[in-house]
Amino acid sequence: MNVDAALQKLEVAGRPIRVGMVGAGATGRAIALHLGTPVPGMRLVAIANRTPEHAERALREGGFAKWVRVGSSQEAEKNIARGVPIVTDDPLVLTACDSIDILVEVTGTVETAAGVVLDAFRHGKHVVLVNAELDSLIGPILKAKADEAGVILTHTDGDEPGVAMTLLRYLRTLGLRIVAAGNIKGMVDYYRNPETQRAFAEKHDQDVRKVTSFADSTKLSMEATVLANATGFRVGRRGMYGPACGYVREIANLLPAEQMLETGLVDFALGAAPHTGAFVIVHEDSQLKKAQLSYYKLGDGPFYVFYTPFHLPHLQIASTIGRAVVHRDATVAPIGGPVCEVVSVAKRDLKAGERLDGIGGFCSYGLIDNASSARGMGALPIGLSEGCVLRRDVLKDDVICFDDVDAAVPEGIAGTLWREQNALFPAIRDASRESSLQHLTVAGV
């Protein structure tokens with residue numbers, strides 16, 4: 001049964017999927033607004049946020065008439081059973097609540113989110129990650145633990161990796177050879193920081209560090225890593241090529257053909273119309289098939305670009321929730337060990353004794369690299385960088401390595417899982433497929 005029909009059936013039967021959400025920032029509020037419509041066959045029944053007032057704002061803006069603050073999973077179950085959404089400052093109330101079927105993690109944190117996801121698995125809950133920060137760092141080991149628990153872990157449709165993967169999977173069913181995938185990015189400027197982005201963040205009621213990570217390539221690299229780990233595709237060089245295009249279909253002739261055919265590539269089109277969404281590149285060398293594709297206005301080949309001209313996380317997440325619960329189908333999930341990682345790169349000349357401020361800060365930006373290359377040089381993942389103190393100076397645009405900081409691997413849940421991930425999936429060095437030390441030219445608007 002198709003997901004839409006299955007959800008309609010659940011709606012008619014009065015047994016909707018019960019969704020709990022952790023996080024009530026800008027994206028969380030947008031999700032609450034959409035699910036509050038409500039979407040047929042699912043209901044938002046709970047929000048956990050460290051500041052409960054923010055969760056209440058999300059419900060209020062979502063059109064919910066009433067809710068109750070609770071402090072235990074038992075209280076949560078009692079209120080959800082009588083149709084009243086709950087709010088709590090403790091996400092573990094949601095993970096332990098039997099009246100929640102699936103958890104949406106939308107905090108953008110790493111350490112806290114890792115603990116929440118593990119506890120959700122322990123209680124038999126599916127998890128949707130609207131959290132590229134976590135997924136790009138330890139998605140493969142979390143997927144392995146989800147499999148052990150018999151639950152689904154998935155990134156979300158609507159974020160670019162999900163949009164690309166949904167299109168890619170459709171094209172795969174058509175028997176097409178897929179050789180590259182990625183998203184469309186309006187601008188990249190490695191050196192943006194919370195001061196340069198503050199006005200934009202305030203204008204759009206968003207977190208300034210989040211907005212900084214959008215501009216300085218970190219979020220772009222994290223999303224591409226999620227896609228790489230779900231496809232097995234690599235990057236052609238650290239940071240990707242990111243060719244500037246007037247129209248997204250031009251990218252078919254701007255990425256290295258040999259690399260696309262050899263390993264598959266994740267990459268992005270810079271500044272291309274339609275200015276949003278995701279693309280997938282396929283290869284066809286049959287003259288007869290190329291003639292047919294030309295007839296249908298896809299160009300002369302042998303590389304052809306298909307694209308989705310939108311990405312709407314707050315809307316498309318409903319598809320991911322339905323697919324996960326109804327069909328146990330992950331929209332985007334790692335297929336094995338890490339193919340790519342996001343390494344820390346200095347935004348400016350850094351001095352010994354400085355404390356790194358992590359994702360979206362003043363000290364570093366993140367660039368995607370092949371995992372074999374990152375591990376070979378001992379690069380510090382940006383998802384583990386916050387709080388690390390430099391032991392020596394690092395020059396602007398140099399990769400920050402573990403040897404440069406005061407701890408081999410930061411302690412905590414995320415660091416422990418990252419070590420476990422490396423032990424379970426040791427990186428295999430392949431010099432023929434290593435990324436270049438170059439990275440793309442900065443472009444800004």
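Asp-119 and Arg-122 join their side chains in a salt bridge at 3.2 Å, N to O; the term stands for a side-chain nitrogen of Lys or Arg within 4 Å of a carboxyl oxygen of Asp or Glu. The model is predicted, so local features need pLDDT of at least 70 and side-chain atom pairs count only at pLDDT 80 or more, while totals for chains, interfaces and linings use all residues. Residues are numbered from 1 along each chain as its sequence is written, and side-chain values use heavy atoms, with hydrogens and water left out.

**Salt bridges**
- By this rule, the count comes to 22 salt bridges.
- Asp-119 and Arg-122 are separated by about one helical turn, because they sit three residues apart in helix H6 (residues 111-122); helices (H or I, at least four residues) and strands (E, at least two) are DSSP runs, numbered from the N terminus.
- Asp-119 is buried, at 10% relative accessible area, whereas Arg-122 is exposed, at 61%; buried means under 20%, exposed over 50% and partly exposed in between, with a 1.4 Å probe and protein chains only.
- Arg-69 and Glu-53 form another salt bridge, at 3.2 Å from N to O.
- This pair links distant parts of the chain, 16 residues apart: Arg-69 belongs to strand E3 (residues 68-69) and Glu-53 to helix H3 (residues 52-61).
- Arg-69 is partly exposed at 43% relative accessible area, and Glu-53 is partly exposed at 42%.
- Arg-192 and Asp-189 meet in a salt bridge at 3.0 Å, N to O, and both residues are buried.
- A network of salt bridges links Arg-29, Arg-57, Glu-61 and Asp-205.

- Helix H7 (residues 132-149) and helix H16 (residues 413-424) have axes that come within 9 Å and cross at roughly 75 degrees; axes are lines fitted to C-alpha atoms, for helices over the stretch in contact, and angles run from 0 to 180 degrees between N-to-C directions.
- H7 is therefore roughly perpendicular to H16, a label for angles of 65 to 115 degrees.

**A buried threonine**
- Thr-225 is part of helix H11 (residues 218-231) and counts as buried, with 0% relative accessibility.
- Beyond its neighbours within four places in sequence, Thr-225 is in contact with Ser-136, Cys-340, Glu-341, Val-342 and Ile-368.

Terms used: Angles under 35 degrees count as roughly parallel, over 145 as roughly antiparallel, 65 to 115 as roughly perpendicular and the rest as oblique. Contact means heavy atoms within 4.5 Å.
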